[in-house]
Amino acid sequence: MFEYAPAPESRSVVDLKPSYGLFIDGTFVDPTDGGSFKSINPASEEVLAEVAEAGAQDVERAVRAARRAYDKVWGPMPGRERAKYLYRIARLIQERSRELAVLESLDNGKPIRESRDVDLPLVAAHFFYYAGWADKLEHAGFGANPQPIGVAAQVIPWNFPLLMLAWKIAPALAAGNTVVLKPAETTPLTALLFAEICQQADLPAGVVNILTGAGDTGRALVEHPGVDKVAFTGSTDVGRAIARSVAGTRKRLTLELGGKAANIVFDDAPIDQAVEGIVNGIFFNQGHVCCAGSRLLVQENVADRVLESLKRRMAQLRVGDPLDKNTDVGAINSAAQLERIRELSDAGSAEGAERWSPPCDLPDRGFWFAPTIFTGVTQAHRIAREEIFGPVLSVLTFRTPAEAVEKANNTPYGLSAGIWTDKGSRILWMADRLRAGVVWANTFNKFDPTSPFGGYKESGYGREGGRHGLEGYLNV
Amino acid sequence: MTATTTSARSELSELGRSETALRTFLHGLPGVDQVGAEQRAAQLGTRSIKTTAKAQAIDLAIRMVDLTTLEGADTPGKVRALAAKALRPDPADPSCPHVGAVCVYPAMVPYVAEVLRGSAVHLASVATAFPSGQAPLEIKLADTRAAVAAGADEIDMVINRGAFLAGRYKEVYDEIVATKEASGDAHLKVILETGELATYDNVRRASWLAMLAGGDFIKTSTGKVPIAATMPVSLVMLEAVRDFREATGRQVGVKPAGGIKTTKDAIKYLVMVNETVGPDWLDPDWFRFGASSLLNDLLMQRTKLTTGTYSGPDYFTLD
């Protein structure tokens, strides 16, 4: 046997403070009402830092700072000057990427392999990409001399803390807006390190404000009358509440919500690569991915073969310490999320689906869930309809391409889909019919700053990334 | 072996009887997506193998080396020196394992055989008009018989790439069958020369063809064309031997050759073997590296691990 010795990434590259304030108007300040909460390492339940909880008065201060910066500095600044700041931030992110990657893995539980090889390169790429747009906005296809909207309130989730920050902040700043961003309460730390990077880059005060806190902070922020634009990534339920609260106001809204993507494997698919794509689709980031391929639709005449290969591949997944460079699947982000995954998985078993996980030793402390697949799933099962947001795959079969389309589209969501076939014409035929914002062909979970991302139906509206991603931050 | 694999095996052994059956079978194999295969190979290359795992991997890699010299300038003296090194790669450290085999041209086999006699190091000889294979079949078979007669217990043959690319699968198949027969008890390694096959689909088909025809090992390259062994090509071949054993119960070895020069590269391959086909192949009987300069790098890294200091290249023998 070839056992891999532990290969832990060093924690000491991150200099964590015991406590963090709110980042308002270019400096870290204490919250007005003095509230705070703890951010923990989900892999060990150890407390990482104490973080301030912003109240209504803090939201007021932050929005006012953002407004001032918008009126006085950032709004009037020529695009080429804004670009310089964004390029500088992008370079600082690259320079400090190891530190950011370790902190992301500590706070989120995702494997260092992913934070190092996926999250951080994409974060830097987003800033570089949108920096390039800052002085070229009149060529973006939104008319001559397009104007920013103003102050953007941005609320982001815990699954890709820094990447979602980049998706929100980079286009907003490039277009000339200022922002108040609230990171998720379980993963606030990399956003605070990003605030330090803004200071390091000499970004003018008030252009970026970071308010840590939970749902109440987020609500106060999006409901604040001084906000011109709201951008939210997270659950469909919260997205609905936000849409209700901004209805009837002047605020622009973009939402990127849940998903229940179908990953569709035809009988002529390259099987080995399809299996990699299935694994990447559902076990990447512990399945905490809104566009995860959580429903595998496999053509019935290759179902046995695909499942056999999939199980063999799953047995190779290394679950454990997120900081070990050889870990493939890390910790579930929080106790609450683990509870939800367990509840839905139990429902899957109770409703008659067959559950399978490879043998794997889970650590005693922290939040863990073994990679799991359910076979014999029907469209009526909860695990085929509800977003689990965990490493749990529901396997369904289909007979004809038309049936695959029907099943894939039979969900209130419509964020992403995957098609696996050697036949190019079938890829195009399917892509025309799938009601999903992103359709991957013979790959899955591929992201690029130049490519727009967003949903159909209850997966939200608006696009992030690419030229299209500017639209949500321009007055068009 | 189960009843199903026995019947599958006999069904598959029928394929070689007809060009049509072979073609239908080979073209019915699942395709390989180039981007996906390369991505997977790259991902396997990011594993971090340290400390005890690294020490274990280095010793295993040394045992898997087919220490090779295939030059027009090879002399009896040079190949004797190589054989001596194969037996004791690190004269300063008796705990260092011997390599898997020495690989030379047929004319050099007798000199190597003298040195290796009585040892566990195998003697491989390239044959069949290596590296081009551009000779009449009788000459290729005579080449093979001569190498075996001179003492080789492993034969590295080249497939007829022209026939393969032209779709004359039966011709390729028959040549392998004939070479296998000419090899007698010697193990037959079938060189696909993947650098000339152009696509991963072809690599998979050629792998199956070689296995169906009775090859004991499938080997990537001669090392004589610009593109030698690559991780994705080896991955596709590993998947093929895995699937072949599943279908027939017979295990076939894999030998990437050419271009693997560093310990880091070798460890990436071992990781790929481990995670694609599993521990059954992590053995010199089932996986080999066709290499020459690799061995010295393995020895240098081994010395670094055991002594804590890097020795300069002058401390290791050049061959």
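Visitor: What distance separates the centres of domain 1 and domain 2 of chain A?
Guide: This is a predicted model. The domain assignment gives chain A domain 1 as 11–257 + 456–471 and domain 2 as 262–441. Taken over C-alpha atoms, their centres are separated by 30 Å.

Visitor: Which elements give two or more residues to the side of domain 1 of chain A that touches domain 2 of chain A?
Guide: The contact draws 22 residues from domain 1 of chain A and 28 residues from domain 2 of chain A. On the domain 1 side, the classes are 7 nonpolar, 7 polar and 8 charged residues. The elements giving two or more residues there are helix H3 (97–108) and helix H4 (112–133) of chain A.

Visitor: Which element gives the most to the side of chain B that touches chain A?
Guide: Here 24 residues of chain B contact 20 residues of chain A. Two or more residues each come from helix H3 (34–44), helix H4 (51–64) and helix H12 (263–276) of chain B. With 5 residues, the top contributor is H4(B).

Visitor: How do the residues on that side of chain B divide by class?
Guide: The side in question is the one where chain B touches chain A. Its residues split into 10 nonpolar, 8 polar and 6 charged.

Visitor: What radius of gyration does chain B have, against that of a compact globule?
Guide: Chain B holds 13 helices and 8 strands. Its C-alpha trace spans about 60 × 40 × 40 Å along the principal axes. A compact globule of 319 residues would come near 20 Å, so chain B agrees with its 19 Å.

Visitor: What share of the residues in chain B is buried?
Guide: Buried means 20 or more other C-beta atoms within 10 Å of the residue's own. Of the 319 residues in chain B, the buried share is 54%.

Conventions. Residues numbered from 1 in each chain as written. Chains lettered and ligands numbered in written order. Predicted model: local features only at pLDDT ≥ 70, side-chain atom pairs only at ≥ 80, totals over all residues. Domains from an automatic or database assignment. Contact = placed C-beta atoms within 7 Å. Helix = DSSP H or I, 4+ residues; strand = E, 2+ residues; numbered from the N terminus. Nonpolar A, V, L, I, M, F, W, Y, C, P; charged D, E, K, R; others polar. Rg over C-alpha atoms; globule rule 2.2 N^0.38 Å. Buried ≥ 20, exposed ≤ 12 C-beta atoms within 10 Å, placed from the backbone.
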